[in-house]
Amino acid sequence: MGQENTIHQVLTQDGEVACKAVSAPDWFALDCTTPPAGEGIAWGPVYSQPRTGNAVNFYTTGADYFEAVKAAIESAKVSVFIAGWQVNFDVELTPGSTLLAALGKALRNGANVYVMPWQNPGTPDTGALFTALAVALLNGLPEIKGRAFCLGAPVQSDQGVGNVMFSHHQKSVVIDNRVAFGGGIDLAYGRRDDATFSLKANQRRFNEFYNTCIPPVAQLKRTDVQHCVTQLELLAAIGTKGVAKKVLTFLTSPSEGLLASTLDARDAASDKLAEYGNAIGDWWNNVNLFSDFVNGVQDWAVDNVQEAYRAQTGRLKSQLEAMAATGAANAANAASAAMAWLSGQSLHALPLGVQQELGQIAGSLGWLIAVTTNSASWRPPEYYERLFSTGRALPPAAHDTERQPRMPWQDVQCRIEGPSVFDLSRNFVERWNSVCQLYERSSANYRHAVASTLANTFGIQVPSAPRMPRIGADRMLRSPPAPKGQCTVQVMRSASKSLQQMEAAAAGRTIQPVLAQNNCLKAMLKAISTARHFIYIEGQFFQTAHGQSEAVQAGLSGPMRCMLALEDNPHTRQFLDLLEIRGAKAAEIPTRIRWSKVDDVMRLAGGPEFLHDLDTVMKNIATREVLTQPTAPQAALRNPIGKALIDRITRVGLKDGRPFHVYIVLPVHPEGTLDTLNIMSQVHLTMHSLAFGEHSLINGVRRAILTDRVRREKRISWAQAEELVHAMDIVDIVNQARDDWKRFITLLNLRNWDVLKGQPVTEQIYVHSKLLIADDQVAVLGSANINDRSMLGDRDSELATVITSRNAIKVPLAGPMQSVAKEVHDLRVALWKKHFGASAPGRQAPALLSDSILKSPGLPATWEAIQQRATLNANNYGKAFWYTPRSEARPEIQPKEAQDKNPGGAPASIWPTWKYKTYLEHGKGGRLRYRMPFDPLFWREADYKDVNHSWAPASDTATSKAPAATPQGVQGFIVALPTEWTRGEDNLFSKTHIATIARREAARPDAAIALRETTSPKESAA
């Protein structure tokens, strides 16, 4: 047996027991603890020590958490601390009741409110500026006794401040320094879900209807827009009566040096583009910039905005009119793009130059709003009633809620009361005060640009030495609160060295940190290394060191190629010629395209679809261009979570020969459409971490299984057998071990289906949790994902809690009765019941509800039953819907050659309806047999029955969506993760890949778009 299972006792001279020995694994990582080594990883100090005496409650649905946090905020008397990657002021905590309303009640009670979202650089737009404006206007509410503050937290990573690849990612709420909430759930759109995982809108409107995995295809109605507010409107509301005119004049002025145009002026298309989502000229989704805004603003703002709009003359006037007609498609510079953005438009496909300049504008505006609205003397000029009565943030686009499904959300949060609230409160206060200092120090960077321009625009005096609102002793905890329960909690962080240095400086500490805090990684490694029966993981990502990727051909997959090389399709060349961009590099298209010809392309057969494809190419190229790499480019993933799991399975399941199992629940793919470079790259990294990498989780366990087999057969030591297996080719390892890994690992996704407007639809249940449970004894819960940006400590800021309990109960985890922590055990059982479909009535019949399965996760009978049901569910979904990811392509879309060579089927593409021209010719072209859900026409087929789609670089293209049927025999929400999905495809858009591909592409005589060496988009989703 392993040394960790040995009990040492203290004996008397007579051999009697002097002290009773108890087997009690230590779940907490301390400074003196040395976790399993990761290559090049320096282990920083832990943020806090374990504290006993906490009361902990877990929430397994966003709806339950939102209801609890709403009650806590509304009862606040002293302070409300909110930190989040995304905090939306109008998110509904309960139906019809927003976060802004709850904060208003706290202010009336006398509490001070501090809100700290991530100050994102523009894409993705998490609404930080919107929330800052709304929180500022809270101070105009009548009869309030407290004060509201909002500061966007910029990136504070060791890769450089402002690096768009990383973010402030902590998620916590602390009320009155008495109760704290932490976990994976932001106070943001889409998170308020219940155990039914419904795909229907159910009265969710505007941004509350949330699905980023499919395109919005509906028009916003004027009657709906009248109940929305824009950032431009709130900018006007925080200023003086004439500010709206000044804002408009400033943002549309081409003369300011800071906002000088980086692109040539473009010819305007003559008519409004008729079809939503089908043209690059429709970048901002056909939302009228001014008329809807004007119709929704109070009279005093309306008069000034209309006056400013009418006052424009000549070229500027025609430009604004074109923007109003085409949804800002003809924005000639960052100033007009800012106008579109502030008016509620999506800027996802902006050209690089405009994005960078818009980032300058957003930074200047964010700084100005922060240093003015958070000053001691500032108050809004008046109570802006419209925001608090009907106001919701204007969405940039709208889904067809009758035809399109929402994306259900799976996440976990906890409530803590007791001594560990001190550490969660301290983290917020230190972060807040360091951000205050950061704003003050950045004054010199912004004042010159802001003082002469933005200050005059807003009619606000910019302070010469801004003093930001630090949280003082009256709002701080000076010592841990009294015990409240039986849980022991340790608060852990991922915090860069630079972040810690800023905190130390703000607090006046002279001792400077020298290492990043990678506590979240340390906590997970500690829990894994001490598990004896099972490990359960729910995670948004599983991206970990996996060694060499399997051999793939030197070229991108067919789907990725067709998004980057439009000329591979001969049917698109006439459009490229018409727009005068044939042979242009993607980055050159915005400046070379003949916008006056867009209407001509629209009128030709296939034109609208070509423009949609061009829009997608532009979006992907823009994403590639703006993403940056760490200062020292990283060749491979580094965090050792996968290796730690392999080592533990090897130790307990093979060397010790005891029942042991690892369950992992992941999203089907990161949120976003599967025709986006970054999302495709994320899928690539996940599949190689799980399955395809030479030292992936599955292949690592296969090696261990073969080592165990060899040592038994040859009667040699483990080390000798390991050496023999290490010399084997990975192909032989896979062929010999095959699916034996399933004895130790169960990989799951979650999915639901429904019928909308008479059509069966399905969507993934988006797993956003960041949770690890070991032996029902300890839970590691927080904001940290299993990827390098969360784990290594020097990138995203993260927060996690390690939780166990002295409240012990006995359950048969792996057969015999074992003592476990009741709160942690109840959390896992509640999650399993939810995923098995038993927690709420719904369409799905519940499954796997026996006591044995729920209470004995270590037994073979349990994982066998779960794997069997998940596989059946996946197969049933695959029969009903062609576009769900799978391990093998459907026979109907396999080439005959594949069926002859491999009767089991050809591997499935990242686009499951993609058909390659020849078996495994993954870079040689192919076609979509049927449309995918990321295509707007997929959801509008009734309007376009005879329209060809131009996606595929082949002579035949998808002309319809696949038939869909009601799935039969589905029980619960679990589906087997397709471990062969994308095998053999190259979907990683990395720096080294692009260098190789660029050299090959340069040799082509008629290269449509030269793929230039660039940086990796790896792990850019938060």
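## A first look

A: The accessible surface of the chain comes to about 35,800 Å², and 50% of that belongs to carbon and sulfur atoms. Such areas come from the Shrake-Rupley method with a 1.4 Å probe; for residues, only the protein chains shown count as cover.

Q: What kind of model is this, and how are residues numbered?
A: It is a predicted model: local features need pLDDT of at least 70, side-chain atom pairs count only at pLDDT 80 or more, and totals for chains, interfaces and linings use all residues. Numbering runs from 1 along each chain as its sequence is written, and side-chain values use heavy atoms, with hydrogens and water left out.

Q: How many helices and strands in the chain?
A: There are 32 helices and 27 strands. Both are DSSP runs numbered from the N terminus: helices are H or I with at least four residues, strands are E with at least two.

Q: And how much of the chain is buried?
A: Buried residues make up 64% of the 1022 residues. Buried means under 20% relative accessible area, exposed means over 50%, and partly exposed is in between (1.4 Å probe, protein chains only).

Q: What share of contacts join residues at least 24 apart?
A: The share is 79%, among contacts between residues at least 6 apart in sequence. Contact means heavy atoms within 4.5 Å.

Q: Which residues have the most contacts inside the largest nonpolar core?
A: They are I535, F542, I641, L645, I664, L772 and W911, in a core of 87 residues. Helix α23 (residues 677-692) gives the most to this core, with 8 residues. A second, separate core has 66 residues, including A83, V371, L827 and W832. A nonpolar core is a set of buried Ala, Val, Leu, Ile, Met, Phe, Trp, Tyr and Cys residues joined through side-chain atoms within 4.5 Å.

Q: Why would nonpolar side chains be buried together?
A: In soluble globular proteins, that is how they tend to be.

Q: What is I641 in contact with?
A: Leaving aside neighbours within four places in sequence, I641 contacts L521, M524, L525, I528, F542, T544, I786 and M791.

Q: Switching to strands. Where is I803?
A: I803 is in strand β22 (residues 798-805). I803 is buried, with a relative accessible area of 0%. Not counting residues up to four places away in sequence, I803 touches V56, F58, C414, T488, V489, Q777, V778, A779 and V824. The C-alpha atoms of I803 and T52 are separated by 9.9 Å, though these residues are 751 apart along the chain.

Q: Now rings. How many aromatic pairs does the structure hold?
A: It holds 26. One of them is F938 with W939, which is edge-to-face: 4.7 Å centre to centre, with 70° between the planes. Rings of Phe, Tyr and Trp (its six-membered ring) pair if their centres lie within 6.5 Å; planes under 30 degrees apart count as stacked, over 60 as edge-to-face and the rest as tilted.

Q: Are F938 and W939 buried or exposed?
A: F938 counts as buried because its relative accessibility is 4%. W939 is buried too, at 6%.

Q: What sits over the ring of F938?
A: The charged end of K961 does, 4.9 Å from the ring centre. Also, R426 lies over the face of Y47, at 4.2 Å from the ring centre. A charge sits over a ring if NZ of Lys or CZ of Arg is within 6 Å of the ring centre and within 35 degrees of the ring normal.

Q: Which residues form an aromatic cluster?
A: F81, Y114, F149, F428 and W432 form one.

Q: Y47 came up. What about E430?
A: Leaving aside neighbours within four places in sequence, E430 is in contact with Y47, E503 and R509. E430 is found in helix α13 (residues 421-441). It is buried, with a relative accessible area of 14%.

Q: Last topic, phi. Where is Q203, and is it buried or exposed?
A: Q203 is in the loop between β8 (179-183) and α4 (222-225). Its phi is positive, near 70°. Q203 counts as exposed because its relative accessible area is 74%.

Q: And T982?
A: T982 also has a positive phi, near 75°. T982 is in the loop between β27 (974-976) and α32 (991-1002). At 3% relative accessibility, T982 counts as buried.
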